[in-house]
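Here is a short note for a colleague who is opening this structure for the first time. Please read the points with the model in view.

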Amino acid sequence: MQIRSIGSGPSSLLFGLDIKVRRPDLDVEILRAGRLNAAPGGIAFSTHPRRRVRARLAELLGSAWAPRRWQSIQVLRADRTIDIPAWNSAVGRLQLEHLLEEAAHAAGCVIRDVLTPNSAQGATDLTAFEAKLSSTYAPELAPQALSGAKAKSATFAVGPMAADQVIAAISTEYGPFLGHGFAYSDSQGIFNLEAPSSSWERLAAAGEDIVRFVMEKFAKVLSGSPIEQLTAARSMDTGMMQRRREGQHVMLDGSQVSVHDSFLFREELALDDALALSAAVSESRDIADALARYEKSRAHVAASASRSSAVMVNWIENIHRYMDQRPLQFSFNALTRSMRINHRDIEQHAPKYLRAVDREFSGVAEGTDPPPPPMFTPLQLRGLTILNRIGFSPMCMYSSDDGMPSDFHLVHIGSRAMGGAGLVMTEMANVSPEARLSHGCAGMYRREHVDGWRRVVDFVHAHTDSKTAIQLGHGGRRASTARPWEGGPNIPALQDNWQTVGPSALPYADSLPVPREMTVADMQKVVADYAQAAAWSIDAGFDMVEIHMAHGYLFSTFLSPLSNARTDEFGGSLENRARFPLEVVRAVRRSLPDEMPLSVRISAVDWSPDGSTIEHMIGFSAMLKDAGVDIIDVSTGNVINVRRPATGRLFQTPFSDQIRNEVKIPTMTVGRIVSYGDMDAILASGRADICLLAKAYLDDPYLPQHAAKARGYRGMKWPDPYSTAADVRFRAEA
Ligand SMILES: Cc1cc2nc3c(=O)[nH]c(=O)nc-3n(C[C@H](O)[C@H](O)[C@H](O)COP(=O)(O)O)c2cc1C
């Protein structure tokens, strides 16, 4: 079998070398296309145990493989320098290429220099090419930029820096800029200058010489040696590779197309692609099978990297939001800005630094006990102290009869409180019978419901330290549906269904009836229902109230242009769309005592270009803040009946971050929070004030107690009868 690998960078060399070592029987030809134009540069390598590139390079290159292990990270912010032990490493690109070339030659690859990519001659069974050559080999696969992100970055070759990795955020007369560099030898480094589009525009308008600008502004980290600009300021826009192959042609390093230049491990990702292709080819029956395997194995890697890359672009475009963070918190925020590494990852490498971050976060004085992990740092909202930041997210249980909370709720909520949740939230409790999603949904619309909920709340207060919140909801056009296990949620209730309402006569799904357009009198009734339900919630003993304004239920249909086609004062502009929801918020606020906090859950985006955007919902959150809301519970989607396009680990946290830091209001984040380290990172970086978990809590009602054990935190109290559980260390295997 004849394999050809073409490119000017290290990916094509690594693929050729690796496949030849795995399968010496194959004929492997490596074409070096246009390498004379190679620019200086370095490749950073992560220490993540799942990354195989470093380990494989060590195997393939032996003792010649000696990357520079970084010793220190320096973060510069507002005249403060924070030194942190480093954990990653880097190597010069040309040095790596040289080593790979030698090894490939020794392994029996044929290596040829070609002047232009077109000079590849002769048929092969497989031609692998680097992404930048796609226009020659498979124009169909040419990468496209997609996100429309505005922030830009430029890259510089620099001399020695103040540390192996430097991150410096500075305020200039043109706006904020972030410099991010790493060293790949004693005297050489790469430095990326990143900034919001507005900073770049002002810099360009001033006609500043960019090299002089960088040398002057970043003098503290760049040590004065000359620098050379390698790339002009260019959009940090990234696109997703949809496909990597066309016939026998396959793109080697498609994943790096999905991330921008400032993504630290961009090239490592490309090298990892090359190894994955080699593994797929050497382990598969035939080329077609190999390419399918390769495509499949890399799609989620690229998707995850692309999401992080987009988060980073947003972070830099809106860096003004973080410039007033204290330097230590800023440093942690900057280190975790891609959300790919978390609190736990950093703690493993830099425990002292992490303790300083946690100490500042918790406000626990120096010289006393170790600070609690951020998860276990209490939060004050008005008169309410929530003892930890792990919340039990609202979840419909469809286990009520005429809205009445049942034994199911007592156990469901009671056991999460026993498990140590700082805050337990009820499912959506509806404010009228017709507000319910189904016949099984809970309510707060009859006096008797107060007694039902009080039983649950009293249990929680009597036996645990958890605080309780009720989520008050109205299903709007998504009401009157079947229970999920009866075929719902998008089929009408199986019997006794009722007329639904909405801002406009637009159904949620084709399978659901058309809602009746609400009159002003209908709205006044809902306002009154909410005020009454809030007053009853106080009688039931709840510590906090949340209004559900997300997920395509009544208020989110008013807020979203996709479901609100009204032409009166309740439709059109954001102010108009927000009018009715805000009236409800004010009515509820009036029903609550001053010391009781009020939360609102929103869908921060509709995941649809014509729907509510994060900018709209930042505007709405500011209105909520003015109306006396204390915390925003930031969810997304479900306003229209389409799949969310961008789910994944922590997929909603960036929206919480944006609202919290733009509006300056506490937030709760929810959605695919998958580890304790993630929770601590979210909190310590200032992306949210409470982490809510839903499905993970169904799996483990004692999640906070288990988190405390995992973190060695001894400040969590067990309910007295359970106190002997504190020292149990149960292992799945003996
Ligand atoms: C069974 C179930 C019922 C839910 N019911 C509600 C609800 O009543 N109100 C609400 O705001 N969100 C509801 N959600 C959404 C969750 O609160 C949460 O936002 C979502 O599951 C994402 O969090 P997770 O990834 O931790 O599960 C529900 C989710 C599930 C799985």
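1. Start with the domains. The domain assignment gives domain 1 (2-67 + 89-142 + 240-317) and domain 2 (372-723). The model is a predicted one. Taken over C-alpha atoms, the centres of domain 1 and domain 2 are separated by 46 Å.

2. Next, the overall build. The protein has 23 helices and 28 strands. Its radius of gyration is 28 Å, close to the 27 Å that the globule rule gives for 734 residues, so the protein is as compact as a globular protein of that length. The C-alpha trace spans about 85 × 65 × 60 Å along its principal axes.

3. Burial and contacts come next. Of the 734 residues, 52% are buried. Among contacts with a separation of 6 or more, 73% are between residues 24 or more positions apart.

4. Which residues touch the most other members of the largest nonpolar core? They are L277, M444, L472, V545, V588, I602 and C691, in a core of 208 residues. Helix α10 (residues 287-317) gives the largest share of this core, ten residues. Both domain 1 and domain 2 take part, each with at least three residues.

5. M444 deserves a look of its own. Neighbours within four places in sequence are left aside here. M444 then contacts A429, V431, H449, W453, I470, L472, A533, W536 and S537. One of these, L472, is also listed with M444 among the core residues that touch the most other members.

6. Now the barrel. Eight strands close it, in the order β19-β20-β21-β24-β25-β26-β27-β28, and the pairing is parallel. From one strand to the next, the twist averages 25 degrees. Helix α16 (residues 520-539) packs on the sheet and touches β21 (467-473) and β24 (544-549). The direction of α16 makes about 160 degrees with that of β21.

7. Strand β25 (residues 598-603) and strand β26 (residues 631-635) run parallel and are joined by five bridges. I602 has V634 in β26 as its bridge partner. I602 is also among the core residues that touch the most other members.

8. Just after α23, G712 takes a positive phi of about 65 degrees.

9. Is strand β13 (residues 189-195) enclosed or open? Seven of its seven residues are buried, so β13 is largely enclosed by the rest of the structure. In a regular strand, side chains alternate between the two faces of the sheet. In β13, both faces are covered. G189, F191, L193 and A195 are buried on one side, and I190, N192 and E194 are buried on the other.

10. Last, the partners of β13. Strand β10 (residues 152-158) runs antiparallel to β13, and seven bridges join them. F156 pairs with F191 of β13 as its bridge partner. Strand β12 (residues 175-183) also pairs with β13 in the antiparallel sense, over six bridges. Here the bridge partner of H180 is N192 in β13. β12 and β13 form a hairpin, with five residues between them.

Definitions and conventions:
Residues are numbered from 1 along each chain as its sequence is written. This is a predicted model: local features need pLDDT of at least 70, side-chain atom pairs count only at pLDDT 80 or more; totals for chains, interfaces and linings use all residues. Helices (H or I, at least four residues) and strands (E, at least two) are DSSP runs, numbered from the N terminus. The radius of gyration is taken over C-alpha atoms; the globule rule is 2.2 Å times the number of residues to the power 0.38. A residue is buried if 20 or more other C-beta atoms lie within 10 Å of its own, exposed if 12 or fewer, and partly exposed in between; C-beta atoms are placed from the backbone. Two residues are in contact if their C-beta atoms, placed from the backbone, lie within 7 Å. A nonpolar core is a set of buried Ala, Val, Leu, Ile, Met, Phe, Trp, Tyr and Cys residues joined through C-beta atoms within 7 Å. Domain bounds come from an automatic or database domain assignment. Two strands pair if DSSP finds at least two bridges between them. Axes are lines fitted to C-alpha atoms, for helices over the stretch in contact, and angles run from 0 to 180 degrees between N-to-C directions.
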